[in-house]
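Please walk me through this structure, from the overall fold to the details of the backbone and the annotated positions. Running paragraphs will do.

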Amino acid sequence: MSDDDAGGVRAAGLALPWAQGTFPPAGLSERRVVWDALMGMALHEASHAIASGDVPVGALVVGPDGRLLGLGRNRREETGDPTAHAEVLALRQAAMSRGQWRLDGCTLVVTLEPCAMCAGALVAARVRRLVLGAWDPKAGASGSVWDLVRDQRANHAVEVVGGVREQECADLLRAFFEPHRERT
Ligand SMILES: [Zn+2]
């Protein structure tokens, strides 16, 4: 996912149409449009998890310039890997795109509030901002049960933007779990 920008400098990631110029936009309403669009991509990625019986959670990472650096969906069942959460996979791909583990200035967008492992990974990667869809009152570690991304004892704090397309993100999860509940 690389191409050359106008200056001939190799820029990491993929340019997104709504993220040209200042990213994110300064105005709150303009910013909301960008978060909604990015969450739409995360929702689309999440929907692909269903085919492998994975809980539909999708995530992506955009750089400080708004370019797409990484994309991931929950692949725990597909791969048998307990750490294959959407956020971890998106962070890994973003770090590979950037060629470094530090993701300073980056924004991670995810359809469900990160768990303790993913919140820890966000802090470890020095991600600047977390944009989340649905809150997870049972296991969320970004404001619900714990708040690891804004813990003052950590050496890094992440800005949290919550509730972006919350209903759609929650509905996708509910639709996945409802038939499973009937069988048990
Ligand atoms: Zn997680």
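**A walk through the predicted model**

Pro-24 is placed in the loop between β2 (10-12) and α1; helices (H or I, at least four residues) and strands (E, at least two) are DSSP runs, numbered from the N terminus. A cis peptide bond, with omega about -15°, joins Phe-23 to Pro-24. Most residues other than glycine have a negative phi, and most peptide bonds are trans. The model is a predicted one: local features need pLDDT of at least 70, side-chain atom pairs count only at pLDDT 80 or more, and totals for chains, interfaces and linings use all residues. Residue numbers start from 1 along each chain as its sequence is written.

The protein chain contains five helices and seven strands. Their order along the sequence is β-β-α-β-β-α-α-β-α-β-β-α. With a radius of gyration of 16 Å, close to the 16 Å that the globule rule gives for 184 residues, the protein chain is as compact as a globular protein of that length. Here the radius is taken over C-alpha atoms, and the rule is 2.2 Å times the number of residues to the power 0.38. The C-alpha trace spans about 60 × 40 × 35 Å along its principal axes.

Of the 184 residues, 39% count as buried. A residue is buried if 20 or more other C-beta atoms lie within 10 Å of its own, exposed if 12 or fewer, and partly exposed in between, with C-beta atoms placed from the backbone. Two residues are in contact if their C-beta atoms, likewise placed from the backbone, lie within 7 Å. Among contacts in the protein chain with a separation of 6 or more, 58% are between residues 24 or more positions apart.

The largest nonpolar core has 46 residues, and those with the most contacts inside it are Leu-60, Val-61, Ala-90, Leu-108 and Leu-122. Such a core is a set of buried Ala, Val, Leu, Ile, Met, Phe, Trp, Tyr and Cys residues joined through C-beta atoms within 7 Å. At least two residues of this core come from each of α1 (28-47), β3 (58-62), β4 (68-73), α3 (86-98), β5 (107-112), α4 (116-124), β6 (129-134) and α5 (166-183). The largest share, seven residues, is supplied by α1.

Helix α1 has 20 residues and reaches 28 Å from its first C-alpha to its last, close to the 28 Å expected at 1.5 Å a residue; the expected span is 1.5 Å times one less than the number of residues. Its buried residues are Val-34, Trp-35, Leu-38, Met-39, Ala-42, Leu-43, Glu-45 and Ala-46.

In α4, the buried residues are Cys-118, Ala-119, Ala-121 and Leu-122. Seen down the helix axis they fall within an arc of 160°, so they line one face of α4; the arc is that of the directions from the axis to the C-beta atoms. These buried residues pack against α3, β5 and β6. Leu-122 touches Glu-87, Leu-108, Pro-114, Val-127, Leu-130, Val-149 and Val-158, not counting residues up to four places away in sequence.

Arg-126 follows α4 and has a positive phi, near 60°. It lies in the loop between α4 and β6 and counts as partly exposed, with 15 C-beta neighbours inside 10 Å. Arg-165 also has a positive phi, of about 50°, although it is not a glycine. The loop between β7 and α5 holds Arg-165, and Arg-165 is buried, with 22 other C-beta atoms within 10 Å.

Now the annotations. An unreviewed UniProt entry assigns "domain: CMP/dCMP-type deaminase" to residues 33-145; UniProt positions are given in the numbering used here, feature names are shortened, and annotations may be inferred rather than shown by experiment. UniProt (unreviewed entry) also places the feature "binding site" at His-85, Cys-115 and Cys-118. These three span 34 residues in sequence, yet no two of their C-alpha atoms are more than 9.2 Å apart, so they gather at one spot.

His-85 sits in the loop between α2 (76-79) and α3 and is buried, with 26 other C-beta atoms within 10 Å. Leaving aside neighbours within four places in sequence, His-85 is in contact with Asn-74, Arg-76, Cys-115, Met-117 and Cys-118. Cys-115, in the loop between β5 and α4, is buried with 22 other C-beta atoms within 10 Å.
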